[in-house]
Structures are given as structure tokens and as C-alpha cells.
Amino acid sequence: MKKLNNVREDHEQRLENLQLVQAEDRVKAELIEWNLSLVEQALRVMRAALASQLSWTDVEAFLSEAQDRGDPVACAIHHLRLDTNHITMALRNPYQQLNEEDGEHDEVKREEKEEDKKVEKKQKKKKKKNMQKPESDGLNKPVLIDLDLGLSAFANSKRFYDLKRHAAKKELKTIEASEKAFKSAEKKTWQTLKEVRVVASIQKARKIYWFEKLLWFISSENFLVIAGRDQQQNELIVKRYLRAGDLYLHADIHGATSCVLKNNTGKNLSWKMMLVNLVESA
């Protein structure tokens with residue numbers, strides 16, 4: 001089941017990454033469209049600077065001077081990547097800025113109206129607290145976007161839309177492939193669990209023979225040979241399991257194990273036969 005969960009988590013993580021890439025590409029494409037004039041001017045300025053045979057160092061110095069003067073086009077250029085014929089611009093949503101300005105204007109009017117009303121201080125504080133918004137709600141942070149100097153502003157926007165569509169197709173293929181992989185992993189997992197249950201049931205149903213609690217083996221002549229693990233089992237072997245016709249062997253050493261060759265043939269076995277069985281089996 002752990003392997004199955006890992007496959008599911010990996011599938012969800014890949015889909016989440018693809019969806020994030022699509023969202024980022026869509027935002028970049030829209031920001032270029034919303035700032036189409038600004039982006040086009042920046043591309044033209046950089047193309048003109050490069051066409052004038054200026055060195056990259058001179059181009060960077062030219063850009064820095066324009067930024068110091070507060071030129072809006074130059075200030076929107078974050079940095080140059082002339083080795084790959086790209087520039088990086090920091091673009092904002094101009095419509096969100098307008099909405100924020102309108103919101104601030106409405107806020108001023110609202111405060112003026114509230115000042116005219118004679119309301120208790122506690123109610124005023126409560127209203128102002130309710131009217132306040134989190135600082136993060138009004139943020140319009142710039143987004144860094146790489147632009148190809150060989151393309152127009154519209155073509156750069158289209159490039160990000162194409163990347164978004166490519167990521168969307170990849171997401172669909174990933175979903176299809178992941179579903180197959182998940183079904184395969186699920187099938188293997190259930191098959192493994194089924195096999196484990198079968199083995200467990202077989203082991204549970206298997207009969208435990210009386211001699212398995214002792215030391216034992218089957219000799220080359222198919223005789224069962226048993227021996228005690230300790231003194232208690234040595235006594236148990238002699239008192240309970242030693243029968244007429246069996247051969248008993250014990251070393252002339254204190255604490256040595258008792259060894260019995262079980263004879264179920266009904267024939268008398270010689271000590272030579274017992275030793276041969278013991279030696280060959282060892």
C-alpha cells in the first residue's frame with residue numbers, strides 16, 4: 001500500500017507542477033498584452049542600440065543612464081541577456097493599479113462622510129477596522145518576463161500562450177499515463193497482498209509435527225533422527241519417544257545430547273546401520 005500511495009503522490013505532484021507552469025505562462029502572456037506599448041518600445045530601443053554597433057558594455061551604460069533619469073521604458077527593463085538576444089522586463093498589471101487608485105479615492109470620500117456623522121468612538125473604530133484590508137490584497141508585484149529581441153511584443157505574448165498550451169497537452173498525457181501506471185501499480189499491490197494472504201493461510205494451516213520442537217533430520221535411508229536441545233528434552237526423548245527397535249546414541253560426556261534413530265520398519269537395525277545413517281546425513 002505504501003508503494004501505491006507513493007505512485008499517487010508522485011502523480012499529484014507532477015500535475016500540480018504542470019498546472020503551476022500553465023498559470024505562470026498565462027500571467028506572463030497577459031502582462032505583455034496589457035503592457036504592449038511599453039514592451040514594444042523597450043524592444044525597439046534595445047534593437048536600435050544593438051544596431052548602432054554599440055558594445056554590450058556601452059548598451060548597459062546607456063540603459064543605466066536612462067534608468068537614472070527615470071525613463072519609464074528603461075526602468076521597466078530589469079536586466080539584459082544579450083548573449084541569448086533576450087532582455088528581462090519587470091511588468092505590472094496596469095488595470096490593478098487603476099483599481100487601487102479608484103479604491104483609495106473612494107476611501108477618502110467614505111472617510112469624509114463618516115466624519116460628518118456623530119457616532120460613538122467605539123463604533124467608529126469598529127467600522128474602520130472592518131474597512132481595513134490586508135496589505136497583501138493591494139499588492140501589485142512586478143513579474144520578471146524574458147523577452148526575445150527577435151520577436152515583436154505580440155509575438156512574445158503568443159510564445160507564452162504556446163508554452164501554456166504545450167504544458168496543457170503534457171498535463172493530459174501525464175494524466176493518461178499516470179492512470180495506467182496507477183492501475184498497474186494497484187493491480188500488482190493487490191496481487192502481492194493476495195499472495196501474502198495465501199502464504200500466511202498455508203503457513204497457518206500447516207500441521208506442526210511432534211518432532212519439530214526437537215533437533216531432528218531425515219537420514220539418507222529415510223529414518224527420522226531426533227535429539228534433545230537440553231537436559232529436559234533429553235529425558236523426554238528417552239521416556240516418551242524411545243520405542244523397542246529404535247537405536248539410542250549418547251556420547252560419554254556429561255551434558256551431551258540424547259540421540260535416537262526411530263525405526264518404524266519393524267526390523268532390527270545394527271549399530272553399524274545407525275552410524276552409517278548419521279555419518280551420511282551429517
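User: What's the bridge partner of Thr-88 in E3?
Analyst: That's Asp-146. Strands here are DSSP E runs of at least two residues, and helices are H or I runs of at least four, both numbered from the N terminus. Before we go on: this is a predicted model, where local features need pLDDT of at least 70, side-chain atom pairs count only at pLDDT 80 or more, and totals for chains, interfaces and linings use all residues. Residues are numbered from 1 along each chain as its sequence is written, and side-chain values use heavy atoms, with hydrogens and water left out.

User: OK. How many bridges join E2 to E3?
Analyst: 6, and the two strands run antiparallel. Two strands pair when DSSP finds at least two bridges between them.

User: And what's the strand order in the sheet?
Analyst: E1-E2-E3, an open sheet of 3 strands with antiparallel pairing. E1 and E3 are the edge strands, each pairing on one side only. On average, neighbouring strands are turned by 20° against each other, direction ignored.

User: Which helix lies across E1, E2 and E3?
Analyst: H2 does, running at about 150° to E2. Angles go from 0 to 180 degrees between N-to-C directions, with axes fitted to C-alpha atoms, for helices over the stretch in contact (heavy atoms within 4.5 Å).

User: Switching to the core: which residues touch the most other members?
Analyst: In the largest nonpolar core, with 25 residues, they are Val-39, Met-46, Leu-80, Ile-87, Met-89 and Leu-147. A core here means buried Ala, Val, Leu, Ile, Met, Phe, Trp, Tyr and Cys joined through side-chain atoms within 4.5 Å. Buried is under 20% relative accessible area, exposed over 50%, partly exposed in between (1.4 Å probe, protein chains only).

User: Which element gives the largest share of this core?
Analyst: H2, with 5 residues.

User: What does Met-46 contact, leaving aside neighbours within four places in sequence?
Analyst: Val-59, Ile-77, Leu-80, Leu-82, Ile-87 and Leu-149. There's also a second, separate core of 7 residues, including Phe-211 and Tyr-241.

User: Now the loops. Where is Gln-53, and is it buried or exposed?
Analyst: Gln-53 is in the loop between H2 and H3. It counts as exposed because its relative accessibility is 70%. Its phi is positive, about 65°, although it is not a glycine.

User: What about the phi of Asn-85?
Analyst: Near 60°, also a positive value in a residue other than glycine. Asn-85 is in the loop between E1 and E2 and is partly exposed, at 32% relative accessible area.
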